[in-house]
Amino acid sequence: MTLRFQRLLLILLSLLFLLSAILLILFNSKKNIVFFYTPSELLENNVELNKTIRIGAFVQKGSFKKIADRTYEFNLSDKKNFIKVMYTGFLPDLFREEQGAVIEGILISKKLIKASTVYAKHDENYMPNSIKKSLELNEYWQRKY
Amino acid sequence: MKFLINPNKFNKFTDIIIKPLYLLSAICLVVGLLFSLYLSPNDYQQGSTVRIMYIHVPSAWLALLIFFIMTIYSIVGLAFKIPFAFIVNTAIAPIGTIFTIICLITGSLWGKPMWGTWWVWDARLTSVAILLLVYLIIVFINYSFTKIELKEKIVAIFIIIGSINLPIIKFSVDWWNTLHQPASISKFSSPSIDIAMLIPLLIMTLSFALIAVLISILRIKYEILSRKDKIS
Amino acid sequence: MLLANKITYKRLNKTIFENIDIAATPGKIIFIKGNNGSGKTTLIKNLVNILEPSGGDIYWLGKKLKNNLFNFYKSTTLILDKPTSSMDMTIIENIIFWKRISSSKINEESINRLLDVLKIDKYINTKTMYLSQGEIKKLELTRLILEQKKLWILDEPYNSLDSNSIELINDTFIDHVSNEGAIIFSSHYEPNLKNLEILSLF
Amino acid sequence: MNTIQIIFSVFLKEYKINLRNFNNVLTFLFFFFISIFVFVFAIGPNKEILNHTGVGILWALLILSSTLSLKKYYQDDFENGSIIITHMSGLSYELISLIKVFSHFFFIQLPFLISLPIASILINLEIEKISLLLLSFFIGSFILSCLGSISSSMNLLNKNNFSLGSIIVMIFSIPVIIFSVGIVNSEENFLPLLKILTGIAFIFFAITPWVSAFCIKLALANK
């Protein structure tokens, strides 16, 4: 086969491979890659106990208790149901009530988890202090998410 | 738009706009700095550390923009054999490198108060670090070859491969990050910037862009001259 | 066959050679003369489409060389100055490899005759790395007969060859040209061949 | 149909050459095992850490030892011009680089594949994870061969410093190592990761011939 025919064949082949590559990369279902469960998801699908999993939700307002010098207890809730968390170690300085957090630890029961690591992340909301105060005054201060 | 492709039209066009560009970028920078450092309010959560954002975000955007422009130029240069495209490539590569370095430094400065560490293997930080690596290699290739027409083709190929590789790396780092440790609760929060903070950000981006254009014009002029006297 | 009119080649700003005319018709030997560094190899590279001439163009059988490459390759043998035989393979393996890729129909018997004419048949199963420089060059030149192609292009065929091998090469040139082959070769050494068309490059 | 014959004979030549100097491959393997020992001595023998980081180390060392073999990729054929002869036999440069990629994959990466189970015993990986490791390396090594072809054809142009090639291989192998280690470490659902890794393999498979051919032509012109 002549050089030009080879070139054509190769162009076709590479386009075919590129196409299948894009299909392969994009079309894998997101759902069976769960990185963290929310408390409600935890209840629905049966996750075996004392296995390391990750739970992501919000620290319930007023549930934060400090037991010993570095052990804490708080509830993670996503407004439907909550899970109690026991954690020993340093808390990230952005960790506050009403702040999103992800816990990685061993599930002792459906309602209790012993956390090994706690992640908190700033939620990219930039709002000046002044507006926050005015919102609070007239009770508009509620979580948008 | 011919000045984007052929050198002497580029020289003629830029001679006209170089003067006002000096003025404009200076004013823009001053106004931007004024706005971002004094007039814009503190963030409700981070206080005044948010001001780093006004330098961090524009430099990140510009670093990516310059890489994108270089990819376009190298594709055009290789496909239509336009030598001017390679001149532009060698000229703007260092500018992109500087912006990526600024972006990384301000990023880690901002990370210290916010996350508690200078460097966290977050998805964005890692992919920006890879972008810096690719930039450094491009600048490194620029200075390691002897023959000019050989060097520019290799740089062009490398930019194209880099541009294909960057989205892959961005994607895989995101994926790895969620496997490694959950990077962010992006599911719950959507980024929203208040107007009072958005204006200084835009002004700063504009001023950075003008400075970048100014420097690249000067460097491209220098590159054309250095190519000319080598040839003649 | 191969026609090059007014080809010039410029590298960055130095013009290597300017409006060279080559007409390789069957039965002709073209000898490119010039001391080293005068652009002989660059001219040959232009003829074989490794390099693009910056001026003028090259035709093969009437059509432009660029879009008629396939059957140009099918009917030319190119011998460069460096030996292309692989060091780890023995002589016979190299020859079989060359025979296969040039898809030539030469039979076993004439290969043996060729080898003993060149007096390298006793090393037939030794790896080429153990051969001397001259023997490797002779092995390389076996490709001329092996591939049975019409046009031969050689770059410096005579270096590191002893006198009777040069004699041998000249004979093969003459009888190749007698049955309508064409040869283009460059060398800084002037062979004593009769109807040579000399093209000097200075 | 003689193109297939030509391709087969070029493959045969590659096979003979690689078989004849098989000690190169042995030195690569030797380097691979020595560096495993070095890492184990550095990290210490306790099972827990080794188990956790072992796969990552193994993969990093595999990438390093595959950059070793870049020197011989195109260099010999390019030096003595036999790449021009093979091209004149009717194979386009893209096809030649494809043959090179496959021959590098079969003759240099497969010995690594065979030696992997032994290496994973050294870092006491669980038995069922070894099969995942072999699978991920099978695809990963193909990507490494493609990357090797790109970087060594780029190196043809630049005689003096050779490190450029290995840098290119290292940078482009970041996604490979992320997903392959991900495959081995993921307990049950490694299928999406596998699909992404094969996706990346296809992307590099589509790019390599064109880039290597372009670099080879450039190198030949500026020899």
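# Notebook: helices, sheets and contacts

I began with two helices of chain D and found that helix H2 (residues 22-43) and helix H6 (residues 93-122) pack with their axes 10 Å apart, at an angle of about 25 degrees. The model I am consulting is predicted.

**Entry 1. The helix pair in chain D**

I asked how H2(D) and H6(D) are oriented to each other. Angles under 35 degrees count as roughly parallel, and H2(D) and H6(D) are therefore roughly parallel to each other. I also looked up the hand of the crossing of H2(D) and H6(D), which is right-handed.

Next I listed the residues that meet. H2(D) brings D:Val25, D:Phe28, D:Leu29, D:Phe32, D:Phe33, D:Ile36 and D:Val40. From H6(D) come D:Ile108, D:Pro111, D:Phe112, D:Ser115, D:Ala119 and D:Leu122.

**Entry 2. Chain D against chain B**

I then turned to the contact between chains D and B, to which chain D gives 20 residues and chain B gives 20 residues. The side of chain D that touches chain B consists of 16 nonpolar residues and four polar ones, with no charged residue.

**Entry 3. The two domains of chain C**

In chain C I looked up the division into domains. Domain 1 of chain C covers 1-75 + 151-202, and domain 2 of chain C covers 84-149. Their C-alpha centres lie 23 Å apart. I recorded that ten residues from domain 1 of chain C and eight residues from domain 2 of chain C take part in the contact.

On the side of domain 1 of chain C that touches domain 2, two elements give two or more residues, namely strand S7 (151-155) and helix H6 (163-178) of chain C. H6(C) supplies the largest share of that side, three residues. I noted that the residues of that side of domain 1 of chain C are five nonpolar, four polar and one charged.

**Entry 4. A sheet in chain C**

I traced an open sheet of four strands in chain C, in the order S2-S1-S4-S5, with antiparallel pairing. Which strands stand at the edges? They are strand S2 (14-24) and strand S5 (63-64) of chain C, each of which pairs on one side only. I found two bridges between strand S4 (residues 55-60) of chain C and S5(C), which run antiparallel. C:Tyr59 stands opposite C:Lys64 in S5(C). Helix H1 (residues 40-47) of chain C packs on this sheet, where it touches strand S1 (2-11), S2 and S4 of chain C. The direction of H1(C) makes about 125 degrees with that of S1(C).

**Entry 5. Domains and strands of chain A**

Finally I looked at chain A, which is divided into domain 1 (1-28) and domain 2 (39-120). The C-alpha centres of these domains of chain A lie 49 Å apart.

I examined strand S1 (residues 52-59) of chain A and found seven bridges to strand S5 (residues 100-109) of chain A, the two running antiparallel. In S5(A), A:Ile103 stands opposite A:Ile55. S1(A) is also joined to strand S3 (residues 71-77) of chain A by two bridges, again antiparallel. I noted A:Leu76 in S3(A) as the bridge partner of A:Val59.

How values were computed: Residues are numbered from 1 along each chain as its sequence is written. Chains are lettered from A and ligands numbered from 1 in the order in which they are written. This is a predicted model: local features need pLDDT of at least 70, side-chain atom pairs count only at pLDDT 80 or more; totals for chains, interfaces and linings use all residues. Two residues are in contact if their C-beta atoms, placed from the backbone, lie within 7 Å. Ala, Val, Leu, Ile, Met, Phe, Trp, Tyr, Cys and Pro count as nonpolar, Asp, Glu, Lys and Arg as charged, and the others, Gly among them, as polar. Domain bounds come from an automatic or database domain assignment. Two strands pair if DSSP finds at least two bridges between them. Axes are lines fitted to C-alpha atoms, for helices over the stretch in contact, and angles run from 0 to 180 degrees between N-to-C directions. Angles under 35 degrees count as roughly parallel, over 145 as roughly antiparallel, 65 to 115 as roughly perpendicular and the rest as oblique. A crossing is left-handed if the near helix is turned anticlockwise from the far one by less than a right angle, and right-handed if clockwise.
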